[in-house]
Amino acid sequence: MSMKMRVFAGVAGLGLLVAGCGGGGDAAPAGNVAASESPPGIAPGEPDPRGVRYRAEGALPKGPEKAGVYGVRGSVSRDAAERLARALGVPGGVRAEGGEWRGEGLTVARQAPGVWSYVAEDDKCAREKACSVPGEAEARKAARPVLAALGLSGAEVRGDGVRGASRVVRADPEVGGLPTDGWATRLQVAAGGEVVGGAGRLDVPRTAEEERYAVRSAAEALAALNEGVGKDGKVVPVTGARFGLAARTREGRPVLVPAWLFSVPTQPATLAQPAIEEEHLGSGAPRHPGGAGSAGPGTASGAVPPVSYAAAGRELSLRFTGGACARYRAHAEEKGGQVRVHLTEEKKPGKVCVMIAKELTRSVTLDRPLGDRTVVTTAGEPVPAA
């Protein structure tokens, strides 16, 4: 599949790291990918003075002394996939197909945490484009049976999102008595209370790993966000912080890590920052024998999990955290009701440089507009809309 690629500059400094890296000045590879570029006048590895500086309005909490990481292992049973299928009204149940459970419009990964996506085979409202968006109360009521089947009856639920002629109901689970960010289930509800789409994970981690790590305060986490940002950076107010858990990838598998969830009135999404040192999170890429990836001699590569996406026509923009000392490649695979996106990082070891972790964006051009299709990572994890 031929994909065209455009590069958008990263805009926000998100922390200061020191790493062996290189390749920031390499020429863009041929084809449908492009190399990471620094903004004009900014040398590779140097802070972007136009970044964002977050400023707390009032005192911030300290949090607990130590906290653990939550993860899931194992596989998803047929019974669990069947419960979800029945709640969604999928006829005929599910069948095993490769590493997935599949039903009419439903796909569930058999490996925990059981990433799933659903697109109704016949969405009358989308087809006829003649339905009004249901109210929030109606959408919440329609979502309850599905959330109950997922064990999310006690989750924090919002229904203020709209996508086309559907209302989006979002449920964020509570884990270990803590709020979470990035482990949400989203359901699309059309007029008449019909659930016409959705995505999420079947399993929610309930037990923290035995090892516990020192927790930095909310003020320290906010300071880490501001490191490397120039004095002229745009100032954004932070009105509060909750101690919770945020979704991250460690050694190729999704986990929930202790984090501070900052409230930023000017941003629609929660700003999540790990409350433990990054060294405890390890690499986001799976470990491979020999350590080196397949990017070529003298290079190291790994998968980079996207934080969110934005769609405009056929253009799909992927937001992620990366550095100025590496090249980032992106492409997408379009199949059925899913768009599977791949983000990889390539860097040359042996050269030490100061790397500012920035909020970056890479964009691909799809064969057709995204529409109601679900965006997922290489591992099948749903990517939330920005």
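1. A quick term before we start: a residue is called buried when its relative accessible area is under 20%. Keep in mind that this is a predicted model. Val90 has 8% relative accessibility, so Val90 counts as buried.

2. Where does Val90 sit? Look in the loop between helix H1 (78–88) and strand S4 (95–97). Just after H1 you'll also find Gly89, which takes a positive phi of about 80 degrees.

3. Which residues touch Val90, once its neighbours within four places in sequence are left aside? They are Ala85, Gly103, Glu104, Leu106 and Tyr118. Gly105 is worth a look too: 15 residues separate Val90 from Gly105 in sequence, and their C-alpha atoms are 7.7 Å apart.

4. Now to H1 itself. Its buried residues are Ala80, Ala81, Glu82, Leu84, Ala85 and Leu88. The cover over them includes strands S5 (100–103), S6 (106–109), S7 (115–119) and S13 (194–201), along with H3.

5. How do H1 and helix H3 (residues 136–149) lie relative to each other? Their axes come within 8 Å and cross at roughly 175 degrees. Angles over 145 degrees count as roughly antiparallel, so that is how H1 runs against H3. On the H1 side, Arg83, Leu84, Ala87 and Leu88 meet Pro145, Val146 and Ala149 of H3. By class, this contact has six nonpolar residues, no polar ones and one charged.

6. Leu106 comes up again in the largest nonpolar core, which has 55 residues. Leu106, Trp116 and Phe262 have the most contacts inside that core. Beyond its neighbours within four places in sequence, Leu106 is in contact with Ala81, Leu84, Ala85 and Leu88, as well as Val90, Val94, Trp101, Trp116, Ser117 and Tyr118. There's a second, separate core of 18 residues, with Val304, Val339, Leu343 and Val375 among them.

7. On to charges: the structure holds nine salt bridges. One of them joins Arg140 to Glu136, with the closest N and O atoms 3.2 Å apart. Both residues lie in H3, four residues apart, or about one turn of the helix. Residues three or four places apart on an α-helix point the same way, because there are 3.6 residues a turn. Arg140 is partly exposed at 30%, and Glu136 is partly exposed at 32%.

8. Another salt bridge pairs Asp372 with Arg163 (4.0 Å, N to O). Asp372 is in the loop between strands S24 (352–365) and S25 (374–376) while Arg163 is in strand S8 (residues 156–163), so the pair ties together parts 209 residues apart in sequence.

Note on methods:
Residues are numbered from 1 along each chain as its sequence is written. This is a predicted model: local features need pLDDT of at least 70, side-chain atom pairs count only at pLDDT 80 or more; totals for chains, interfaces and linings use all residues. Side-chain values use heavy atoms; hydrogens and water are left out. Helices (H or I, at least four residues) and strands (E, at least two) are DSSP runs, numbered from the N terminus. Buried means under 20% relative accessible area, exposed over 50%, partly exposed in between (1.4 Å probe, protein chains only). Contact means heavy atoms within 4.5 Å. Axes are lines fitted to C-alpha atoms, for helices over the stretch in contact, and angles run from 0 to 180 degrees between N-to-C directions. Angles under 35 degrees count as roughly parallel, over 145 as roughly antiparallel, 65 to 115 as roughly perpendicular and the rest as oblique. Ala, Val, Leu, Ile, Met, Phe, Trp, Tyr, Cys and Pro count as nonpolar, Asp, Glu, Lys and Arg as charged, and the others, Gly among them, as polar. A nonpolar core is a set of buried Ala, Val, Leu, Ile, Met, Phe, Trp, Tyr and Cys residues joined through side-chain atoms within 4.5 Å. A salt bridge is a side-chain nitrogen of Lys or Arg within 4 Å of a carboxyl oxygen of Asp or Glu.
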